[in-house]
Amino acid sequence: MTKENFEELFIQKLREYYALDISEAGDAELLNTLGRIITSYYNANVVETNKVYAGHHVKQAYYFSIEFLPGKMLKNNLLKLGLLDTVSSALAEMGIDIEKLANVEKDMALGNGGLGRLASCFMESLAAGSFPGHGNGIRYSYGLFKQRIVDGYQVEIPDDWLKNPNVWEVRKESRAENVRLGGNVYLVPLPNGNFKPVYENAQILRAVPYDTGMIGYHNNTVNNMRLWSVEIPASEEWRYDSLQEKRQFEDLTSVLYPDDSNEYGRLVRLAQEYFFVSAGLQSIINFQKKNHIPMEALHHQIAVHINDTHPAMAVAELMRILIDEEDLSWDTAWHVTTKVMSYTNHTIMQEALETWPIGMVQQVVPRIYQIIEEIDRRFVEEMTGKHPHYLIENTRIIAHERVRMANLAIIGSHSVNGVAKLHSELLKNVVLHDFYTLYPEKFNNKTNGIDVRRWLHLSNPALGEVLDQAIGSGWRDDIHQLRQLENFIEDDQVLNALAAAKLTNKKHLAQWIFEKQGIELNPEAIFDVHIKRFHGYKRQLLNLLHIMKLYLELKENPELEMHPRVFMFAGKAAPSYQFAKMNIKCINEAARLINNDPDVNQKLKVIFIEDYNVTKAQSIIPAADVSEQISLASKEASGTSNMKFMLNGALTMATLDGANVEIRDEVGDENIFIFGLTEKEVYEYYHNGTYNSRELYQNNQMIRRVVDTLIDGTIPNVQIEGGELYKTLVDYNDEYFVLRDFESYAAAQKRLDLDYGDQRLWQQMSLINIAHAGHFSADDTIKQYADDIWHIQAIDPKGSR
Ligand SMILES: *Cc1c(COP(=O)(O)O)cnc(C)c1O
């Protein structure tokens, strides 16, 4: 498409859709028109891509995830189609600023954090690699809550993201599926040994898919992210006595995290999990049946990926479809199912390994419960005699009156992977050790990765230009070419250009923060950034305590030698997670104290950016000098923001946790700031039970002074919150070893401050980080999933436009 074509088309379509000329149209109308032009441009490729997949009986992978976090799509889609420059300048000629339109688009925030963002990076990389791979999830009518900070506290506001129509999605009425929930089920024996289930009083819900094109980068592939929305079928309306009762079911897909502090919320969550799993599998199988694929051979045609435990019922649901509806024998169905399914574990935190009470599973999905029971029974039968009793009890699915979803996923899959080398080792040796004993061949590692197009091309054009100048634009198609940057390690011109690009981004961010918060930042200060969900193990509290150390030192000695530093935080706390919310409050109060104290505020500032999301990440990360990745070793499975920061030239302050270990291996010890306990040392403490945080507090004067700022009024307005945090640190033995790592962290921060003083050295370190960041491209991760787990092959893209 040329600029002229586009301009003509745009004017014509704006009239056609809205009966408006450009000068009369508002941003929302301009955005919708643009979106519809883009979708109709690639829709031909959707049809073509599907024809190739169907026509050649290509094996396809489906990524089942209860979260997706795509962020905004406008510029992303234009970039992938190779139209970003053409359309931006055409719009500019017509007096329209594409940035302004991009800002009108709402973030698609159907996820909480890293898990959902990974799913979206994988969607991009599947399409970029021309792999037949699609997403399957839920179209929540409200995204994750919007976070406002009021008087230092997090306040949660519903995210009504569909108020303006979402131009990227297509409702596919003809692909709707029925999903059955609740009621009773009886089994009538059949001659072939199977049973015919007879249902009584079940609710039939209609699952309607909304499809969003996942566009390949400069190829003609367009895959599909299919998100399901609930409706009540007309034939079932009579069942509902009141509008309220109907509403309960219609709300099944309204929110991402139903309040799970009560029984009803937990029921909704369980029903959501079954809803999208069942609808997704039915639609996949219908497609295969239309293509006359025999169900015995299903595993040659499809791979289904269980992203964390939420979609684990896929194992039982596929069994249900194969035995109840397709009349396969149990053994054949089981063979097919385990070959189709694969599972990724994302955390070793006990709280995140889902289990459901038996009674609840029976109530919500009675037939699925029966099948899980039978899988469990056969598992125990198969293992008895071969393995000791305790091992079987530890690994079976149903135990202690609960259904263990990870156990279901592992037993029902042929592959179980962790998301970074360290994490995968911990799975084998500790967390899932019993399973590893049973099935060593299932376990493997796939270190996470990121979509470099979003996290560099789109979000950091200033750096992109420097790279083009230095190494040519080949990196835009092959990210590994970033390695060539190492040839310029002694080149002052390149080093200065990198520094200048960073400064541009910092000024940009500082300007934005000034407009939002009225706080002036010195762009020459070190921008030290800690952005991620708030959680105890991520240790925002460690960062805060170190800030308070600097504060106390500056108060005592305003002439203290230190480079000015801006500490930035962003992140949401789960609504019912009081500890995390108290961290947010204390950080905001410390910020108010420090930013308004003329004794310190020339050297120290603290900023909390509210409502962290993908779009905010895209403007914060390119402006960061320092990336805070300070989780307690062993607790962060991988992390992906660590990779985004590295790609954008920030240096990492890190514990040896998750993918930080692999970043260290890539850049070398001299180009990263490592501190703190290792995972081995943490486990030794668990083993010996010798950690005593109160002793540390009592015997270490510096630690005591810093911790006391939480309770002695130094940080104002936190009588309750500061007191509670103090208790976790001193009275409850500091679950996440914050005090144990404090001195080591402070020392690493001191080294960092000194190194920043040597700007040439700093730029060289930054350059090495950028040069090695290609290692963490999700394109490579996806190739490994495709080859080792899903056994799918890339389609030859039929020439690029
Ligand atoms: C990358 C990303 C995350 C993951 O951050 P971690 O620091 O790896 O936990 C979470 N939220 C958003 C919006 C992201 O872009």
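Two strands pair if DSSP finds at least two bridges between them, and strands here are DSSP runs (E, at least two residues), just as helices are runs of H or I with at least four, all numbered from the N terminus. With that in hand, look at S16 and strand S17 (residues 402-404): 2 bridges join them, and they run antiparallel. Keep in mind that this is a predicted model, where local features need pLDDT of at least 70, side-chain atom pairs count only at pLDDT 80 or more, and totals for chains, interfaces and linings use all residues. Residues are numbered from 1 along each chain as its sequence is written, and side-chain values use heavy atoms, with hydrogens and water left out.

- S16 and S17 belong to an open sheet of 3 strands, ordered S15-S17-S16 with antiparallel pairing.
- Strand S15 (355-357) and strand S16 (398-399) stand at the edges with a single partner strand each, so one side of each has no neighbour in the sheet.
- Across from Ile 398 you'll find Val 403 in S17.

**Strand S20**
- In strand S20 (residues 526-531), 6 of its 6 residues are buried (under 20% relative accessible area; exposed is over 50%, partly exposed is in between; 1.4 Å probe, protein chains only).
- One side of S20 has Ile 526, Asp 528 and His 530, the other has Phe 527, Val 529 and Ile 531, and both faces are covered.
- S20 pairs in the parallel sense with strand S21 (residues 565-570) over 6 bridges, and Asp 528 has Phe 567 as its bridge partner there.

**Around the ligand**
- The ligand is surrounded by 14 residues (a residue counts if one of its heavy atoms lies within 4 Å), and the closest are Lys 532, Lys 538, Thr 640, Ser 641 and Lys 644.
- Oxygen atoms of the ligand come up in each of these distances: 2.9 Å to a polar side-chain atom of Lys 538, 2.6 Å to an N or O atom in the side chain of Ser 641, and 2.7 Å to one in the side chain of Lys 644.
- Taken alone, the ligand exposes 390 Å², and the protein buries 96% of that (areas come from the Shrake-Rupley method with a 1.4 Å probe; for residues, only the protein chains shown count as cover).
- Helix H23 (614-620) and helix H24 (641-647) are the elements that give two or more residues to this shell.

**Gln 629**
- Gln 629 sits in strand S23 (residues 626-629) and is buried, with a relative accessible area of 4%.
- Among the residues that Gln 629 touches are Lys 532, Ser 641 and Phe 645 (contact means heavy atoms within 4.5 Å).

Note on methods. Polar contact = N/O pair within 3.5 Å; in protein donor to acceptor, adjacent residues only side chain to side chain. Lists of a residue's contacts leave out its neighbours within four places in sequence.
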